[in-house]
2 protein chains.
Amino acid sequence: MEIIINPPQKKWSKILKRPTQTFDQIEKTVHYIFKDVQLHGEKAVKKYAKKYDKVTLNELLVSQIEMDECIKTVPETLKNAIQLAKSNIEKFHQAQVTKSVKVETTNGVNCWQEKRAIQKVGLYIPGGTAPLFSTILMLAIPAKLVGCKEIILCTPSDKSGNINATILYAAKLCGVTKVFKLGGIQAIAAMTFGTKSVPKVYKIFGPGNQFVTVAKQVATTYGLAIDLPAGPSELLVVADDSANASFVASDLLSQAEHGIDSQVILVSTSRKLLDKVAVEIKTQMDNLQRKEIASKAIANSKLIYCENHDIALDLIDEYAPEHFIVCTENEEFYVNNIQNAGSVFIGKYTPESAGDYASGTNHTLPTNGFAKNYSGVNLDSFLKAITFQKITKKGLQNIGPSIEIMADAEGLSAHKNAITVRLNSINKG
Amino acid sequence: MEIIINPPQKKWSKILKRPTQTFDQIEKTVHYIFKDVQLHGEKAVKKYAKKYDKVTLNELLVSQIEMDECIKTVPETLKNAIQLAKSNIEKFHQAQVTKSVKVETTNGVNCWQEKRAIQKVGLYIPGGTAPLFSTILMLAIPAKLVGCKEIILCTPSDKSGNINATILYAAKLCGVTKVFKLGGIQAIAAMTFGTKSVPKVYKIFGPGNQFVTVAKQVATTYGLAIDLPAGPSELLVVADDSANASFVASDLLSQAEHGIDSQVILVSTSRKLLDKVAVEIKTQMDNLQRKEIASKAIANSKLIYCENHDIALDLIDEYAPEHFIVCTENEEFYVNNIQNAGSVFIGKYTPESAGDYASGTNHTLPTNGFAKNYSGVNLDSFLKAITFQKITKKGLQNIGPSIEIMADAEGLSAHKNAITVRLNSINKG
């Protein structure tokens, strides 16, 4: 942990710099696999599953029987916890539904905007030691709410061809239409082009390692949309003397256990608190399962003292944290003025893990400074806004002459003519 | 013009295929210029302005005096037309403002979503023969409405260093904060990194040639967001016997004059109408200023007969047109059921050029099939949605135990611990 006192503004960007990731080597592999899957479909996909995931599969699709049998093994307590989370996530995302926007901008000129679902979406859930079923809730629930027709999920199986039971339970509960035993670059390529069993989708959502991240980027060059550009997860806490050092330390550690490249920053107007939190981190660290990972992330963490809240806010806005916890007396100051953050957690009893699992907000958020220009995943991520307009004869008489003048000034005579032929016809009629 | 009768579904994707664009050669140039601008800033930018635009500039920023003098030359009639367009665009985009979404998902768990402006945006307006001032209205008006702090505009000057007067008029009218005489790759690079005079921005909007398109893509690899992936403009008209062939032809031609790669498609359930429109196109073509361009685009256009409206709708949804004009008796059928389109124009008196200039809807729309997964530019394009949450002691007691169970199941003990330390403290207190 590095403690930094009153850093001058010109040093902020250096202090707050995220680790840069270079993907040049990976990109070549990704392009190669994409071309192969584009040409050879299912056969290529299975070849890479064997090569990278050491698994030989006849069927990629998880059958109904397999799903039902597997789900039986999920403990009731876990099912109940997931159902509570689902209920909250549903409520918060349902509330984001926007009505059609309708305006008569000029007499006879009716314009409106309506949102319609992206018809086919693909969710990617990584494999590995931790089964990230919570991400299925965050992605499948809003997709189902807006009415996406096809909601498929790709996740790698273990070497025996099995998928984690809780993953399957969450997928079924949240309305995923098909689950495929497929991970890594080959999964993203399969959803990009479609194969015999895996449908092509229009937008891909979900986290992944560096291979999946680059594969999602490459998928965009084939016309697909993706949820967000990715980067390591990060948390910034702002706290003053009113904060509970033990709670703050627990939040910083919950972020640190994600990975050794997780970013953890504490900003404080109290030097005393910085010291207390540093001590608490050491105490709590010992009891963590993922101590080795967390301790590496914490070693790179920064505890920054700022002499007042105005300076602290400017520094935080420059960093644009994915997760932003506010534990200060004047919490309204940060809540009202923060411009760049993914999700904001306010007060002593609002740990980041509440939003990660069950409060109702989405946990797929902009990292890497993207909170300056991207929203986290929300209901609109699964919709497109389409505009409509219908103009009456009178309406065209009202705005037509202005359009003719502007089209003329832009040198577009056919645009002008589309108005003129109609106005002439109205005048004749 | 190719007339196609009842194409079988399996041939649709071939018939509706857009021209593929390859950018490999351009990419190298773009990367080279970006690196140069990143290293040498203003000096590099001016070097490329000299090389590509044949202009030597001391100051890139258009001064207040220069702007005011130049604006005086814009004719009053054109000013009035632009003001009418501005008023309609403002009304339609102002109506898109969404209120904060607030939900108590569980007793004591308060979640809300608020939108905040992207602080710094850059607009790009191409130079060339036609001064596209209408695009300034479409981009600067919503940026100003949501309160973006910095709204800069880059557009190339002519060889004497002058910018078109109407461009400057529109920029000033719509609240652009600074206008720079800068075009092409070097303009996008300047907005990506910032130079001595040009501020770095967070999101870039606006059309451009293939160099600008690739430069915008490359800007995203440096952390910037862009409005939309680009492609040639396109129009699909669906029409039956009730349609006016002359009006339909005028719309197809207005699209065709954009460029030789513009896509123009007519779908009809009436073979008679297809023939009539083909004749009308020939008649109207002769009077167009941009006849040479339009005739090349029309030569690649397709007139498709479908035997009923259900088939026509499916074909249109597969194409996902940027602009979609509905001139049929049962217009409600298309309006209610279309899933993939950028903007929909309904009825005889609603030409595409109304939406291009003055009805109020935005003309920056998804091309190239991106209407399947992207919205056109709208008010939200200039905002980010941020989520907030505040949980009470009681609230944490309500959802905390479920979070502990889920974090445990995902193997994230520090996430669990952030809940446990708080629940323990509440129980003790």
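**The interface between chains A and B**

User: How many residue pairs are in polar contact between chain B and chain A, with both residues at pLDDT 80 or more?

Analyst: This is a predicted model, in which local features need pLDDT of at least 70 and side-chain atom pairs count only at pLDDT 80 or more, while totals for chains, interfaces and linings use all residues. Residues are numbered from 1 along each chain as its sequence is written, chains are lettered from A and ligands numbered from 1 in the order in which they are written, and side-chain values use heavy atoms, leaving out hydrogens and water. A polar contact is a pair of N or O atoms within 3.5 Å; within protein, one must be able to donate a hydrogen and the other to accept it, and residues adjacent in sequence count only if both atoms are side-chain atoms. Between chain B and chain A, the count of such residue pairs is 71.

User: Which element of chain B gives the most residues to the side that touches chain A?

Analyst: By class, the side of chain B that touches chain A has 56 nonpolar residues, 42 polar and 17 charged. Among these classes, Asp, Glu, Lys and Arg count as charged, Ala, Val, Leu, Ile, Met, Phe, Trp, Tyr, Cys and Pro as nonpolar, and the others, Gly among them, as polar. With 11 residues, the element of chain B that gives the most to this side is helix 15 (residues 393-409).

User: What is the N to O distance in the salt bridge between A:Glu331 and B:Lys390?

Analyst: Four salt bridges are counted between chain B and chain A, each a side-chain nitrogen of Lys or Arg within 4 Å of a carboxyl oxygen of Asp or Glu. In the salt bridge of A:Glu331 and B:Lys390, the N to O distance is 2.3 Å.

User: Which residue of strand 14 of chain B is the bridge partner of A:Phe345?

Analyst: Strand 13 (residues 343-346) of chain A pairs with strand 14 (residues 383-391) of chain B in the parallel sense over four bridges; helices (H or I, at least four residues) and strands (E, at least two) are DSSP runs, numbered from the N terminus, and two strands pair if DSSP finds at least two bridges between them. Within chain A, A:Ile325 stands opposite A:Phe345. Across to strand 14 of chain B, the bridge partner of A:Phe345 is B:Gln389.

User: Which strands stand at the edges of the open sheet of nine strands?

Analyst: The sheet has the order 1(A)-11(A)-10(A)-9(A)-12(A)-13(A)-14(B)-3(B)-2(B), with mixed pairing. Each edge strand has a single partner strand, so one side of each is left without a neighbour in the sheet. These are strand 1 (2-5) of chain A and strand 2 (101-106) of chain B.
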